[in-house]
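Hello,

Here is the structure I said I would pass on. My notes follow below it.

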Amino acid sequence: MGLLEIKNLHANIGDKEILKGVNLTINPGEVHAIMGPNGSGKSTLSAVLTGNPTYTVTEGSVMFNGKNLLEMAPEDRAREGMFLSFQYPVEIPGVSMVNFIRTAVNEKRKYQGQPALSATEFLKMMRERKDLVELDNKLANRSVNEGFSGGEKKRNEIFQMAMLEPKLSILDETDSGLDIDALRIVAKGVNHLRNSENASIVITHYQRLLDYIVPDVVHVLYKGRIVKTEGRELVAELEEKGYDWIKREQGDL
Amino acid sequence: MAEQEENIVEQVTNQEYKYGFVTDIDADTIPQGLNEDIIRLISEKKNEPDWLLEFRLKAFRHWQTLEMPNWAHIDMPEIDFQSIYYYSAPKSKTNKTDANGIDPELNKTFDKLGIPLYERAQLSGMAVDAVMDSVSVKTTFKEQLAELGIIFCSISSAVKDYPDLVRKYLGTVVPYTDNFFAALNSAVFSDGSFVYIPKGVRCPMELSSYFRINAAKTGQFERTLIVADDDSYVSYLEGCTAPQRDEAQMHAAIVEIVAHDRAEIKYSTVQNWYPGDKDGKGGIYNCVTKRAICKGDSSKISWTQVETGSAITWKYPSCILAGDNSVGEFYSVAVTNNYQQADTGTKMIHLGKNTKSRIVSKGISAGKSQNSYRGEVRVVPKASNSRNFSQCDSLLLGDKCGAHTFPYIQVDNETSVVQHEATTSKVDEDQIFYCNQRGISTEDAVGLIVNGYAKEVINKLPMEFAVEAQKLLAVSLENSVG
Ligand SMILES: Nc1ncnc2c1ncn2[C@@H]1O[C@H](COP(=O)(O)OP(=O)(O)O)[C@@H](O)[C@H]1O
Ligand SMILES: [Mg+2]
């Protein structure tokens, strides 16, 4: 059985249908890339999977870890091991990063029946994982994402991923706005956390990130549907030819 | 999205009040209503000297000429002052007290509230004056403080034991003519705390008063007087709770503070009177006059308040900066939820030269509540080179609540600078979802966000109080966001 099984998923914003029947199965140990032109629904898919209340699911099913994902509250989906690296991480003034991530880690532990980490254990873990993404000490003491640069926000997302050790990570355009050094740091972090039990969905426009995080499967999402699924060689093909041939195949050009 | 916000609001607005229990104890209560005989009776019960009875009667006669103020942004129902009991002293059922002179039933009550009445049970150095209804139940660490010359006792005992001190200061900062509620308090005040710190003494522990209303239909009218002599320091804390009752109850206190040359006083309040139920039934009407005077040069007074309770709050802790180079501060977090109404703020009156004041007010409104900041900054002609900085922020949860700011600024000399900043923001659902996605529930997320917002003020509280205040903020807003 797959870690994530999406069947015929339809979702709306208001009355507008954005996802129009998505099918996708992800097994432990796999990295799936989802590519596709702007506005095709990639962020919507990640929002629906994580339970963002702005979106309404109108049809279909999603199983995660053998559980009915769509029935779970967003925080429980997270505690079950689903993690989203946001395309646009929000700022939370006044809430220190340390306090925030400690709350998150301990909530997850509570859900799994484990005791809260002691301050020492927590700080040790935090130091390790922070180094992994070369996150400045000062950032950890600041308010969540407040005044962070674009690159710092993305690294901070991967830092949180490292702290929460998710089963499924969804990286939504984590590469956008990153220079090549930051990109390598982020990729290093993701690869370091990769093992045979967990899986990732990497949403991106460009080949760049996928040179560092090598996917097992590549999908093209277009107009709310997955219209192509191939191996990693598809990345190079898209890079070379752009999306027009896909649009043409779909009868849109 | 509007629907979503509504859910958010609904969740945060179904709070539970944890201190709503009633202690089953007999009380020595006098007849209900207010007239000169009642005032004589109160004075007699307390064995007061004539001068104090005179003070009360003068205040009462003045009060009769006054009308309840209606300028605040508050919808206050008509109050029948004749239906209130003005004196209620808890009385032991068994007449048994333990070795420490404490009635076991009362001890149980304060224990439940987390207020230890036994000195050895105290975890940290904090002396407590516990007041239930009209009388002080117990003051801890009195003897230890007395060795340093510090007086910390109920105001009733102070009237007996230190009449000259009380007489010298009582009513000098808040005269009974000040306002309607001040006149009422001056006529009927029952108990409260008295603090005197002698010259050059730093009070080695936090002094704290805990006020509890227990009896039904009783008003609480406590009165606190704090005097810090030259070069002294004290940090004072005030906490309060009341049972959950359907009918509203009146609380009209006075706090007077005097700081002499180079003295420093920190006064912190965590106000958690019963706020009424989620439909706005019952609750405490908290109409309080708090004022401090920096009498001496280079003295400093700072008010910190975390206001989460009461159906109605009408309260403006103020500083009169009379001494040159004196400093006044006001840090406030006021949370309103459901149908609560708060009109609160401060006055900074700059009389001396080079005086400085700082105001940081954080209003948090949820449910259908109304939350107003009202503040006055006045700089008189001779208060040259004075400075004020005011920061008034409002945070809204949902769209059925109201936040208002009423600053009054008057500067009468050209060398002084007054600066006022104000912001209004909303708890954003993207912030909540971000927390959810990290495994943090909406309730906890609101708690985190609100505490983050109020951090600058909370950080001014003594450590233990800060932790309590953080929990209280989260609890007050439970279920207001979904
Ligand atoms: N809040 C919103 N309200 C209305 N339409 C939206 C909203 N967010 C996204 N959309 C629309 O949904 C479609 C998919 O958007 P999105 O999932 O962000 O695409 P992608 O991430 O693939 O660029 C787009 O047509 C976009 O305009
Ligand atoms: Mg997107």
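**Notes on the structure**

In chain A, helix α6 (residues 150-164) lies across β6 and β9, and its direction is about 170 degrees from that of β6(A). Contact here means heavy atoms within 4.5 Å. Axes are lines fitted to C-alpha atoms, for helices over the stretch in contact, and angles run from 0 to 180 degrees between N-to-C directions. Helices (H or I, at least four residues) and strands (E, at least two) are DSSP runs, numbered from the N terminus.

This is a predicted model: local features need pLDDT of at least 70, side-chain atom pairs count only at pLDDT 80 or more, and totals for chains, interfaces and linings use all residues. Residues are numbered from 1 along each chain as its sequence is written, chains are lettered from A and ligands numbered from 1 in the order in which they are written, and side-chain values use heavy atoms, with hydrogens and water left out.

β6(A) and β9(A) (residues 168-172) pair in the parallel sense over 4 bridges; two strands pair if DSSP finds at least two bridges between them. Across this pairing, F83(A) stands opposite S169(A). Both strands belong to an open sheet of 6 strands in chain A, with mixed pairing and the order β6-β9-β10-β3-β11-β12. Its edge strands are β6 (82-85) and β12 (225-230) of chain A, each pairing on one side only.

S43(A) lies in helix α1 (residues 42-50) of chain A and Q87(A) in the loop between β6 and β7 (92-96) of chain A, so the pair ties together parts 44 residues apart in sequence. Q87(A) is buried at 19% relative accessible area, while S43(A) is partly exposed at 30%. Buried means under 20% relative accessible area, exposed over 50%, partly exposed in between (1.4 Å probe, protein chains only).

Between the chains, 20 residues of chain B are in contact with 30 residues of chain A. The area buried there is about 2,100 Å², with 64% from carbon and sulfur atoms; buried area is the accessible area (1.4 Å probe) that two parts lose on being put together, summed over both. F433(B), Y434(B) and R438(B) supply 36% of what chain B buries against chain A, more than any other three residues.

Regards
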